Each structure stands twice: as structure tokens, then as C-alpha cells.
Amino acid sequence: MDPLNGKFCNNCGEKLELSLAEGLECTLCHCYVHVKCLKRGSVPGGLHGDTFFTFTCADCSPENSEIFVRNKLSWLQVIVLVLYHLQHKCPGLARKGFFHWRHHVAIFIDKNWDMLFSNVKKKKKWMGTIAGTLSHFNKYIFLSGISVFNEPAFWTLMYPKLSPLTVISAYSVMLAEKQIYKNKKDASVTDSDLFSIVLRNNIENEDLLQTFNVESFTIVPEAKNEEEENRVDLYSYSSDGKQKRSQKRKNHKQLGLPFNKLSKLSNSSALLSSDDLMELNFDSPETNANQECTSEEIKPDETRFLNPFCHYNTSLNSTSRISGLNLYSKLTGGIKQDFILSPYSGMYLKPYIRRDVESFPTWLKLMAEIKLSVNGGEKNYSLPPRSSLDYTYVQPEHIPAINSLCNQFFWPGIDLGETLLYPDFSCVVLYKRLIVGFAFLVPDVSHTETYLSFIFTRPYWRKCGIAKFMIYHLIQTSMGKDVTLHVSMNNPVLLLYQKFGFKVENVVLGFYDKYLREDVGESKNAFFCRLER
Ligand SMILES: [Zn+2]
Ligand SMILES: [Zn+2]
């Protein structure tokens with residue numbers, strides 16, 4: 001099954017090895033070149049473990065430069081690639097080694113669609129296909145978080161040490177084997193058994209065959225250079241993913257583990273045609289990964305990006321409608337106590353920005369009064385201690401609750417999942433597991449400017465400094481850059497912005513025409529304000 005078996009690199013003369021030192025074959029002269037030995041330093045897009053290209057080496061190309069043409073990829077290939085890349089380059093995004101199928105995998109694919117699929121157009125239900133593919137291959141190619149920490153939306157690779165090329169090669173061998181069993185009318189062997197048999201028959205290096213083990217999963221911050229790379233990898237997937245070659249060289253030595261002989265089950269280069277998989281029906285809505293997405297309308301194209309101009313600020317404003325208490329379960333979020341790696345800056349962010357035990361919001365005062373009057377008769381009754389108000393960076397668990405609050409208090413269709421790509425510029429406030437406020441900046445609106453897109457505090461949690469601290473925190477994160485925002489002309493929060501030094505730059509008539517509900521009672525005209533740095 002090993003398309004690299006017995007091949008040597010045309011550049012460095014050393015062996016090519018599945019999962020350890022992979023490379024590409026020139027379609028014209030059939031020479032091989034390690035990925036790390038490519039002239040351009042990496043494959044286009046720079047995805048870790050990506051060898052799915054039709055390649056022409058520099059010697060064979062008319063312009064003396066390497067040519068890469070993206071192969072047609074199946075969804076299985078794409079998801080294996082993305083999980084493998086995230087696992088190596090953005091380990092801090094993961095929860096216990098697992099990635100959220102939608103907030104991590106789908107968003108990544110969305111951002112890098114052209115690099116992965118070149119000219120293939122997005123189908124309407126593409127996100128459902130991701131969920132379906134993950135579920136379909138659960139327990140032999142992918143592993144659901146449900147077994148480990150009861151999180152069906154989180155996924156990882158069953159064999160984290162196997163490269164995408166190895167997994168896909170083994171899968172195509174498995175399909176051929178399956179046909180043999182089918183012809184024998186032997187249905188006793190399951191796909192996952194067969195997959196594991198194929199792997200064991202072909203790969204003798206036990207180390208590579210380790211299945212995912214949550215115990216051994218630890219986040220190891222990578223070296224500075226690697227962090228820089230993360231940033232490039234997530235953000236600039238133009239076709240020009242050039243990386244420094246010297247750095248690639250440096251890693252070379254670590255990859256010299258012996259990779260024992262592989263029997264040849266198949267002579268084909270073992271790349272699955274994407275049509276094999278496109279044929280599969282992934283529409284079954286009851287799959288694990290789908291649990292979360294079936295209840296909502298997915299409108300990837302409409303809600304994909306945060307539109308910096310759909311800002312509506314209800315902070316410290318009491319006119320918002322309070323309803324939907326039955327959404328309680330949706331409105332609660334949680335907090336992860338680990339450091340999280342920002343895919344934007346490559347920095348590890350603290351689990352807490354601030355823990356405030358002093359503030360006493362109206363809601364908690366009300367609760368305390370109720371408790372006192374209920375227990376007032378009891379001697380020696382004292383109120384249980386209050387928890388802290390926790391200021392944190394946005395995490396995947398918060399997104400459903402935040403979207404739900406936006407839907408309730410702003411307008412429908414807002415998806416703030418995008419903010420997970422730049423958590424440095426966020427602030428989410430929790431009381432225990434209840435989200436009481438949040439604020440987001442959009443970085444890099446221009447070279448000199450960030451934009452305050454959303455800020456919100458729950459009614460009854462206002463007027464105790466929550467919004468003030470969030471604004472203060474966000475201003476701190478964008479040192480050296482102007483911060484801009486829109487605010488409805490009669491929203492009293494303008495005074496707070498002015499205290500921070502924001503100045504009204506101009507008036508935008510009808511700014512909120514499309515968004516603001518009639519019942520909110522705020523002006524649809526906005527001030528555009530700027531804090532100069
Ligand atoms: Zn080489
Ligand atoms: Zn060639």
C-alpha cells in the first residue's frame with residue numbers, strides 16, 4: 001500500500017517514508033522529492049502532511065520552477081488533512097486533543113476552500129457533509145469526543161501519528177480487501193476491523209500505530225518559529241505559502257526513525273478518487289456530529305464573516321426585550337481552565353483575563369434579597385458566598401450561547417464563530433456558567449485600525465462596570481491602532497465611549513435600517529466614533 005516504498009529523494013538522496021519523510025513524485029520524470037526538500041520550501045498552502053498534488057519537478061518544468069496542481073480531494077481526504085494540520089500546528093485550539101467539527105474544522109475549510117478544492121464550488125449542505133463524514137468514519141479514521149468527555153461535536157484522528165497519505169492509502173487498500181470479503185459473502189468483518197488489519201499488515205512501526213490516547217495528550221508550546229508558522233498557516237493560504245527552507249532543514253534530523261518494510265498489497269499509488277466518497281450518502285441527520293447542526297439553519301455564505309458594519313450596541317441600554325427564558329440551556333456557557341493558543345497571534349492566552357469578586361450586579365442583589373426573605377426566619381442565616389465574575393477569552397463552548405444572545409437582543413443570523421480565529425480580541429464575561437456579557441474587536445480592518453463590532457451586557461447585570469472593563473481590555477489589546485465603532489445616536493453608552501477618549505467623527509444616516517427592530521426604540525442613525533492612538 002506504500003506508494004513511497006523504496007523511493008529516494010532526488011534532492012538529498014535519502015529515503016522517503018510514509019508518515020515520517022514524505023514527498024511528491026514528478027509526473028514527467030518520476031523522480032521523488034521530499035516535501036522538506038522542495039525548492040519553494042513547502043507545498044502551496046503549507047498544510048502539514050499535504051502531498052495531494054500533481055507535481056512537476058523543477059528540472060522538468062519549462063520555467064525551471066516546481067509546478068503543483070491540486071488533486072481532486074474527497075471529503076475524507078480534506079477532513080483528515082485539516083485535523084492532521086490543526087493537531088500539529090494549532091494544538092492549543094483543541095480540547096483534550098479534540099477539535100470542534102464546526103468551529104475549528106468547518107471554519108478552517110471555509111477559509112481555505114480555494115486552496116483545498118481549487119475550482120470545486122461549495123454545495124449548499126457542505127457543512128452537513130463534514131458532520132456526516134466524521135460520523136461515518138467514527139472509531140476507525142476519526143474519533144468522537146463523546147467517548148472521552150461526552151462532547152459529540154469534538155473530533156480527532158484515531159491514529160494521530162499517521163499522515164493523511166498513509167490513512168488514505170490504507171483506506172483504499174481496505175476498500176479493495178472489503179470487495180474480497182464481499183465476494184466471499186463474509187460479512188463478519190467490520191470496516192473498522194478491516195482497517196486496523198490493513199494497517200497492522202502494512203506498518204510494522206508500532207509507534208505509528210498508536211491510537212488516540214487522551215492520557216498522553218498534553219499541550220506542548222512549540223518553538224517561536226513554529227508559532228510564526230501557525231499564523232501563516234491559518235491566515236495566508238494564498239497559493240504562495242513559501243516558508244523558510246532553513247527551518248524545514250532543521251527538523252529533518254528528527255524524522256529519521258526506521259520505517260520497516262511494507263508489503264505491497266496494492267500497486268496503485270493508492271489515492272482514492274473523490275468520486276468514491278462523494279457517492280456515499282451522508283445525509284442521515286441522526287449522526288452524532290450532526291446533533292448540533294440539525295436544529296439550526298446553516299447559512300454559511302450569509303453568516304460567514306463578521307461584517308464590521310453590522311454593529312449594534314445594547315450595552316448599558318435597558319430597552320432591549322427580555323424574552324426566551326426557555327432558552328436557558330442555550331444561554332449558558334462554560335469555561336476551560338487551560339491556556340488557549342490563539343491561531344491569530346500564536347500566543348498562549350490566560351484562562352482568565354480578570355476574576356472580579358467585588359462587583360455586585362443587580363441580578364445577584366435580587367437573588368440575595370430573595371434568599372434572605374425566604375430564610376429570614378432562621379437564626380444565624382448568612383448568605384452563601386458569591387462567585388466571581390470571570391472575564392475570559394472566547395472559547396468554542398461559548399459560541400452557541402453568544403449566538404443565541406445576539407439572536408435575541410440584536411438580530412437573527414449573527415454567527416460569531418469567526419471570532420475563535422482571533423480570540424486575543426475578545427472578552428466574554430461569565431458568572432459561573434452563565435454568559436453575562438461579551439465584546440469583540442475585529443482586528444486588521446485596516447493597517448491602522450481595529451473595529452469594535454459587538455458589545456453586550458445582559459439586562460440586570462448592567463451599571464456595575466462590566467462593559468467598562470470589556471472596553472478597557474479591548475482597547476489594551478490593540479495598542480498602536482485606532483479603534484473605531486458605530487453607536488446608535490441616542491444610545492447613552494456614547495458617554496462611556498467618550499470617557500475613554502472616543503470622538504464622534506461623522507454621522508451615518510440610516511446605518512441600522514437593515515438591522516434594528518422597530519420595537520427597540522433606538523435611533524437608526526449612528527455616530528461613527530474613533531479613538532486615536
Ligand atoms: Zn530529500
Ligand atoms: Zn521531473
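This is a predicted model: local features need pLDDT of at least 70, side-chain atom pairs count only at pLDDT 80 or more; totals for chains, interfaces and linings use all residues.

Residues are numbered from 1 along each chain as its sequence is written, chains are lettered from A and ligands numbered from 1 in the order in which they are written, and side-chain values use heavy atoms, with hydrogens and water left out.

**Zinc sites**

- Donors here are N, O and S atoms within 2.8 Å of the metal (3.2 Å for Na, K and Ca), and sites may look incomplete because water is not among the atoms.
- The zinc ion (ligand 1) is held by Cys-9 (SG), Cys-12 (SG), His-34 (ND1) and Cys-37 (SG), at 2.1 to 2.3 Å.
- Along the chain, those donors follow the spacing C-x2-C-x21-H-x2-C.
- The site of ligand 1 is tetrahedral, with angles of 97 to 115° among its four donor atoms; four donors get that label if all angles lie between 85 and 135 degrees.
- His-34 is buried at 1% relative accessible area, and Cys-37 is buried at 1% too. Buried means under 20% relative accessible area, exposed over 50%, and partly exposed in between (1.4 Å probe, protein chains only).
- Cys-26 is buried at 0% relative accessibility, whereas Cys-60 is partly exposed at 26%.

**Sheet and helices**

- Helices (H or I, at least four residues) and strands (E, at least two) are DSSP runs, numbered from the N terminus, and two strands pair if DSSP finds at least two bridges between them.
- Eight strands make an open sheet with mixed pairing, in the order β10-β11-β12-β13-β14-β15-β17-β16.
- At the edges stand β10 (354-356) and β16 (503-508); each has a single partner strand, so one side of each is left without a neighbour in the sheet.
- Inside the sheet, β13 (residues 434-446) and β14 (residues 449-457) run antiparallel and are joined by seven bridges, with Leu-441 partnered by Leu-452 of β14.
- Helix α4 (residues 126-136) is largely enclosed by the rest of the structure, because 10 of its 11 residues are buried; Trp-126 and Leu-134 are among them.
- Helix α14 (residues 399-409) is mostly covered, with nine of its 11 residues buried, including Ile-402 and Phe-409.

**Backbone details**

- Ser-118, in the loop between α3 (113-117) and α4, has a positive phi of about 40° although it is not a glycine. Ser-118 is partly exposed, at 35% relative accessible area.
- Lys-463, in the loop between β14 and α15 (466-477), also has a positive phi, near 60°, in a residue other than glycine. Lys-463 is exposed, at 75%.

How values were computed
Four donors count as tetrahedral if all angles lie between 85 and 135 degrees; four count as square planar and six as octahedral if opposite donors are over 155 degrees apart and all others between 65 and 115; anything else is irregular.
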